Amino acid sequence: MRKLKLIWDFRGPDALKIAEHHEIHLKEYISIENLKLDITGFQAMSNVHAIAFMVVNENEMKPVRDALKPHRGQLYSE
């Protein structure tokens, strides 16, 4: 089964702190919804752009997307 990486973009001087905090909420959502995968993370893309992400199985993507409204997504490769 394909895995998809759902991504939230944050911009500004506090982007990395916001992305780091957003990951906490993604982990909470995974636990509450009993999702199969628990891959999350955050990453600085530049000093004013950071992302938070979570990986879901393709068959779980639509309800997660509709509930959490990620900014974008891509195929996940380990």
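**Ground rules.** I number residues from 1 along each chain as its sequence is written. Because the model is predicted, local features need pLDDT of at least 70 and side-chain atom pairs count only at pLDDT 80 or more, while totals for chains, interfaces and linings use all residues, and side-chain values use heavy atoms, with hydrogens and water left out.

**Fold.** I looked up the elements, which are DSSP runs numbered from the N terminus (helices are H or I with at least four residues, strands are E with at least two). I found 2 helices and 4 strands in the chain, and along the sequence they follow the pattern β-α-β-β-α-β.

**Helix H1.** I checked the length of H1, residues 15-33: its 19 residues should span 27 Å at 1.5 Å a residue, and the end C-alpha atoms are 27 Å apart, which agrees; the expected span is 1.5 Å times one less than the number of residues.

Next I asked which residues of H1 are buried, where buried means under 20% relative accessible area, exposed over 50% and partly exposed in between, with a 1.4 Å probe and protein chains only. They are Ala15, Ala19, His22, Glu23, Leu26, Tyr29 and Ile30. They cover an arc of only 120° around the axis, so they lie on the same side of H1; the arc is that of the directions from the helix axis to the C-beta atoms. On the other side of H1, I noted Lys17, Ser31 and Ile32 as exposed.

**Cover.** I found that strands E1 (3-11), E2 (39-46) and E3 (49-57) and helix H2 (61-68) are included in what covers the buried residues of H1, with contact meaning heavy atoms within 4.5 Å.
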